[in-house]
Amino acid sequence: MKVGDLVWGREHEEFPNGDLVMTDIGLIIEVIDHHEVPPVVKVLWPDGVIDKEWTDELEEVYESR
């Protein structure tokens, strides 16, 4: 995962027709380069909250180029 990727938590919601619930999608704004396994990233969520998240607890929705 890298800066610019769109992610959601492993416990995201989907509508029965397969559409995404956009409030669950966040933007990676920083990769914290520590020697931790799994790596940690900062995610900006739609409500303006910035959280540190373990990458193994996130799933990519869209990978930035």
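I began with K2, which counts as partly exposed at 32% relative accessibility, and I kept in mind that this is a predicted model. K2 forms a salt bridge with D5, and I found the closest N and O atoms of the pair 3.7 Å apart.

I next asked how many salt bridges the rule gives, and the count comes to 2. For the other entry I noted K42 with E30, where the closest N and O atoms are 3.6 Å apart. This pair links distant parts of the chain, since K42 lies in strand β3 (residues 40-44) and E30 in strand β2, 12 residues apart. K42 counts as partly exposed at 26% relative accessibility, and E30 likewise counts as partly exposed, at 33%.

I turned to the sheet, which is open and built from 5 strands in the order β4-β3-β2-β1-β5, with antiparallel pairing. I noted that β4 (50-54) and β5 (58-62) stand at the edges with a single partner strand each, so one side of each is left without a neighbour in the sheet. Neighbouring strands are turned against each other by 45° on average, direction ignored. Between β1 (residues 6-9) and β2 (residues 25-32), which run antiparallel, I counted 3 bridges, and I saw that W8 stands opposite I25 in β2.

Last, I looked up the largest nonpolar core, whose 6 residues are V7, I28, V41, V43, W45 and L58. Leaving aside neighbours within four places in sequence, I listed the contacts of V7, among them I28, V43, W45 and L58, and also M1, D24 and E59.

Notes. Residues numbered from 1 in each chain as written. Predicted model: local features only at pLDDT ≥ 70, side-chain atom pairs only at ≥ 80, totals over all residues. Heavy atoms only, no water. Core = buried A, V, L, I, M, F, W, Y, C linked by side-chain atoms within 4.5 Å. Buried < 20%, exposed > 50% of the residue type's maximum accessible area, 1.4 Å probe, protein only. Contact = heavy atoms within 4.5 Å. Pairing = 2+ DSSP bridges. Helix = DSSP H or I, 4+ residues; strand = E, 2+ residues; numbered from the N terminus. Axes fitted to C-alpha atoms, helices over the stretch in contact; angles between N-to-C directions. Salt bridge = Lys/Arg side-chain N within 4 Å of Asp/Glu carboxyl O.
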